[in-house]
Amino acid sequence: MSRRAGNAGHSTLAFVESPVQLLNVLEWAHAGAPGAALTLVVLSPTDPMTRGQLRRMAELAREEGHTVRWEEARGGATAPFRTIGGLAALLRGAERIVLGDPFSRYVQLLLTITGAGDLVVVDDGTATMEFVAQLARGERLVRWHRKGGRPGPRDLLFAPVSASARRRLTPGVRRTVEVFTSMPVEETPPGVTVTANAFAWTRDRFGPPRLTKGADLVGTSLVETGVVDGDRYLDAVRALAAAHGATRYFAHRRESVEKLHRLAVGTGLEVVRPDLPLELIARRGPIGRTVLSFPSTVVHTLPLALAGTGVRVAVCDIDPAWLTAHASPRARGFLSDVTGTARDAHRLPAVSAG
């Protein structure tokens with residue numbers, strides 16, 4: 001029995017802020033602590049699509065025997081104080097903390113309260129790659145699409161908390177740190193254990209899916225994060241769909257309604273807003289025999305979730321000309337790394353976007 005499986009239970013406290021993070025907590029529990037019950041704390045965001053997917057994922061977590069505590073962590077100016085105050089006893093009593101977003105200020109603040117000896121960072125997609133690299137280099141924790149910009153007043157005010165969190169996420173004599181991920185990790189910090197997320201729970205729980213004859217296209221929120229120009233993105237989606245005969249567009253939960261309306265009208269694609277993370281939607285089916293994506297987490301996770309089904313995952317490069325003037329200096333290289341390290345995805349050249 002592994003150390004993790006032997007200690008898992010209600011002394012394990014997990015914090016999630018997105019449906020993907022919650023999915024990967026379930027994957028972590030399935031892989032290393034089968035049959036053990038966790039306490040899952042959902043720090044609910046305000047975005048309606050994310051909240052809806054989190055509600056559905058919370059139902060699945062309860063079906064697996066886990067306790068789910070839903071916190072309206074952003075419901076007004078006093079919500080953070082109520083949330084942190086209500087969680088203080090649990091934090092102090094937890095032997096293990098599992099977290100989905102080490103860049104989250106909320107999570108960083110909660111880490112200052114706990115004395116847990118075991119910390120686990122579960123997959124949060126491409127952010128996990130950047131987190132591990134920054135920890136290895138001893139850098140401050142900054143999301144990749146913001147890296148290179150000057151710290152704002154709030155960043156400077158929060159800097160001591162962020163620095164404390166980084167220290168707590170560094171292994172020590174009395175603290176172990178594990179990263180549970182499906183993403184490639186090239187720079188491993190000394191003492192950090194990296195465990196592969198093979199999406200075994202997803203494959204056991206759902207599917208195999210029925211395959212359709214056409215192709216499906218996966219959306220990205222790179223426009224919403226200010227990395228890719230909206231018009232260039234629309235042109236690229238249109239060209240990619242035409243080249244591969246795609247009929248459906250699976251929207252990212254953070255894509256704006258206005259952008260999706262433009263896309264549906266301008267491309268003729270059927271826009272689908274999933275109620276669960278795409279790995280589960282694809283595994284349940286129906287899904288196209290080819291799934292097209294721009295650089296994102298799914299080019300790493302979908303081949304694992306769909307292993308053995310015959311689905312081909314293809315990733316289209318981002319042309320540097322699509323990047324906005326506000327894109328961080330890190331964006332171009334990071335997106336290329338996401339594509340280049342996707343072991344089981346077929347790489348496509350960038351399409352013409354006007």
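Is strand β12 (residues 312-316) largely enclosed by the rest of the structure or exposed, and why?

Mentor: This is a predicted model, in which local features need pLDDT of at least 70 and side-chain atom pairs count only at pLDDT 80 or more, while totals for chains, interfaces and linings use all residues. Residues are numbered from 1 along each chain as its sequence is written, and side-chain values use heavy atoms, with hydrogens and water left out.

Strand β12 is largely enclosed by the rest of the structure, because four of its five residues are buried. Buried denotes under 20% relative accessible area, exposed over 50%, and partly exposed in between (1.4 Å probe, protein chains only). Strands (E, at least two residues) and helices (H or I, at least four) are DSSP runs, numbered from the N terminus.

Strand β12 has pairing partners in β11 and β13; two strands pair if DSSP finds at least two bridges between them. With strand β11 (residues 287-293), β12 pairs in the parallel sense over four bridges, and Thr290 has Arg312 of β12 as its bridge partner. With strand β13 (residues 346-348), β12 also runs parallel, joined by three bridges; here Val315 is partnered by Arg347 in β13.
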